[in-house]
Amino acid sequence: MKLHNINPWNLSPAEAVAIQRELAREVRGGQIPRLRTVLGLDVSYQRTEQTFTACAVLLKMPELSPMDSCCGVGDVSFPYVPGLLSFREIPPLIPVLKKAPRPDLIIVDGHGIAHPRRFGLACHLGLVTGVPTIGCAKSLLVGTCQKPGPERGDMTPITYDGNLVGYALRTRKGSKPLYISPGHLLDPEEAVKGVQMCLKGYRLPEPTRLAHKLTQRAKDLGV
DNA sequence: GCGACAG
DNA sequence: ATCTTGTCGC
């Protein structure tokens, strides 16, 4: 799909923060569109070398069957800094996003607006692609929430700075909750709906679960 | 000043 | 994220 160049990638942490504050103003809410396809993304890193493996998996909805996938490798260009994850993961994802067909929805590991400046990885990806995005994190970065009930589907609101930024969702009985927040073009409740439509009995939604598996496999094969 | 801190 | 084996509970 075609992407938008909305900022340079060789930045200092201070410059990255300034860009987040600027781009955060462009983020919008919205409803889940008719889903024909959903794209899952993930990036893995080599232990020793400073290299990455990025993968994208396209799933057909509503059966969640994998239709297409692509991977890419390269050298890491930005360190991991809490709050600046998108500057580390988007460069690796750009090539695979260009090769992938434009989906109706994108799900990625990490947060959307549940972020210090309301501009997590999912928001950044949303602006770059123009596609509705959902951040699906395994732990909280900012904000607070009550522990959701034990049953699949139980959820509690995540509040940050007095605002609703997402939901802690029990995606599977007996598993720790997932922290869902909208990236771009979606409201918090819609983001949850999107994730629920992608669940298949596992803790992680199929798009990111399959993307993660592919990322690990591709790494081992040295692809 | 001290602790917390997506992947 | 990555380093790492088996093991206990839903």
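Guide: A residue is called buried if 20 or more other C-beta atoms lie within 10 Å of its own, exposed if 12 or fewer do, and partly exposed in between, with the C-beta atoms placed from the backbone. This is a predicted model, in which local features need pLDDT of at least 70 and side-chain atom pairs count only at pLDDT 80 or more, whereas totals for chains, interfaces and linings use all residues. Residues are numbered from 1 along each chain as its sequence is written, and chains are lettered from A and ligands numbered from 1 in the order in which they are written.

Visitor: Why is α3 described as largely enclosed by the rest of the structure?

Guide: Helices (DSSP runs of H or I, at least four residues) and strands (runs of E, at least two) are numbered from the N terminus. Nine of the nine residues of α3 are buried, so the helix is largely enclosed. They are L121, A122, C123, H124, L125, G126, L127, V128 and T129. After α3 comes G130, which has a positive phi near 80°.

Visitor: What covers the buried residues of α3?

Guide: The cover includes α1 (13-23), α2 (85-99), β4 and β5. Here two residues are in contact if their C-beta atoms, placed from the backbone, lie within 7 Å. Residue I90, in helix α2, illustrates this: leaving aside neighbours within four places in sequence, I90 is in contact with H124, L125 and V128. I90 and L125 are 35 residues apart in sequence, yet 7.2 Å apart in space from C-alpha to C-alpha.

Visitor: Why does I90 count as buried?

Guide: I90 has 22 C-beta neighbours inside 10 Å, so it counts as buried.

Visitor: How do you know which strands are the edge strands of the sheet?

Guide: Two strands pair if DSSP finds at least two bridges between them. On that basis eight strands form an open sheet of mixed pairing, in the order β3-β2-β1-β4-β5-β8-β7-β6. Both β3 (65-75) and β6 (155-160) pair on one side only, and they are the edge strands. From one strand to the next the twist averages 25°.

Visitor: In which sense do β6 and β7 pair?

Guide: β6 and β7 (residues 163-169) pair in the antiparallel sense over six bridges. Y160 stands opposite N163 of β7, and P157 has Y167 as its bridge partner. Two residues lie between the strands of this hairpin, where D161 takes a positive phi near 55°.

Visitor: How many residues does the largest nonpolar core have?

Guide: A nonpolar core is a set of buried Ala, Val, Leu, Ile, Met, Phe, Trp, Tyr and Cys residues joined through C-beta atoms within 7 Å. The largest such core has 57 residues, and those with the most contacts inside it are A56, I107, I134, I180 and V195. Strand β2 (residues 51-60) gives the most, seven residues. Beyond its neighbours within four places in sequence, V195 is in contact with I107, I134, C136, L169, I180 and P205.

Visitor: Which residues are around DNA strand C?

Guide: A residue is near a molecule or strand if its C-beta atom, placed from the backbone, lies within 6 Å of it. For DNA strand C these residues are S44, Y45, R47, D109, K173 and G174. Of the 16 residues around DNA strand B, Y80, L85, G110, G120 and K138 come nearest.

Technical notes: Axes are lines fitted to C-alpha atoms, for helices over the stretch in contact, and angles run from 0 to 180 degrees between N-to-C directions.
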